[in-house]
Amino acid sequence: ATPDGRYLLAVAAGSHEISVLRIAADGALTPVAGSPFASGGLVPISIAIHERLVYVANRGNGTEGANYTGFTLDDEGRLHALDDAAVPLSATANPGAVFFNGTGTNLVGTQVGPDDGPSFIDSFAVGRDGRLIPAPGSPFPAQATGPFGGAFSPTDPTRLYVVNAHAGPNHGSTSAYTVTRDGSLRPLAGSPYPNRQTAPCWMAITPD
């Protein structure tokens with residue numbers, strides 16, 4: 001949902017589209033004019049919103065169509081693709097999630113990769129025009145196989161957490177990083193931290 005609570009955005013992996021729905025005062029949803037919109041790739045699986053800037057992770061079909069694509073959302077809820085804002089991914093990247101930090105100055109995406117790796121984390125600074133500037137060294141090798149879901153701390157836009165899903169039974173873990181202004185990732189001491197799960201995929205952080 002957009003921060004102002006006016007619109008709900010949803011990715012449709014089967015039709016390669018993004019639906020934008022207007023949220024009424026009573027919570028009811030109605031499609032905006034022009035919805036659904038093309039995702040800019042194939043098999044969109046995750047979406048990130050900061051103010052009116054939107055990025056979508058497209059998984060692709062194993063051959064083509066894998067990328068991060070940027071859009072702006074206008075006052076009527078219509079999506080407009082940013083020119084030259086798509087960041088291509090390899091056919092085997094298998095992106096899991098894409099998300100902004102709280103200030104919208106950084107965006108991170110996970111490359112789950114094949115079951116046995118390799119896996120990576122893409123990290124970007126976000127330019128004033130909304131386009132992505134890859135961090136020096138990005139994509140960064142994941143600390144464990146299968147980085148999937150993740151989140152920035154709600155109280156510290158430089159603190160990033162990512163769950164690792166493909167290390168095997170009872171070997172799931174959570175990686176913790178400090179993210180610099182240019183998007184560089186610096187693991188915290190002791191990271192990744194074991195959570196003794198199998199295939200942890202999603203996570204959430206309490207608002208405090």
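Begin by selecting Ser 175, which is buried, with a relative accessible area of 1%; here buried means under 20% relative accessible area, exposed means over 50%, and partly exposed lies in between, with a 1.4 Å probe and protein chains only. The structure on screen is a predicted model, in which local features need pLDDT of at least 70 and side-chain atom pairs count only at pLDDT 80 or more, while totals for chains, interfaces and linings use all residues. Residues are numbered from 1 along each chain as its sequence is written, and side-chain values use heavy atoms, with hydrogens and water left out.

Ser 175 belongs to strand β17, residues 173-179, where strands (E, at least two residues) and helices (H or I, at least four) are DSSP runs numbered from the N terminus. Which residues surround Ser 175? Leaving aside neighbours within four places in sequence, Ser 175 is in contact (heavy atoms within 4.5 Å) with Gln 143, Leu 160, Tyr 161, Val 162, Asn 164, Ser 191 and Pro 192.

From there, move to Ser 191 and Pro 192, whose connecting peptide bond is cis, with omega near 5 degrees. Pro 192 sits in the loop between β18 (185-187) and β19 (193-194). Another cis peptide bond, with omega about 5 degrees, joins Ser 35 and Pro 36, and Pro 36 is located in the loop between β3 (29-31) and β4 (37-38). As background, most peptide bonds are trans, and most residues other than glycine have a negative phi.

Next select Glu 51, a residue other than glycine whose phi is positive, near 55 degrees. Glu 51 is in the loop between β5 (44-50) and β6 (53-58) and is exposed, with a relative accessible area of 53%. Arg 196 likewise has a positive phi near 55 degrees; this residue is in the segment after β19 and counts as exposed at 67% relative accessibility.

Of its 17 residues, Tyr 55, Tyr 68, Phe 100, Leu 107 and Leu 132 touch the most other members. Strands β6, β10 (95-100) and β12 (120-126) each supply at least two residues of this core, and β6 gives the largest share, three residues. Apart from this core lies another, of twelve residues, among them Ile 121, Val 162, Val 179 and Leu 185.

Notes. Core = buried A, V, L, I, M, F, W, Y, C linked by side-chain atoms within 4.5 Å.
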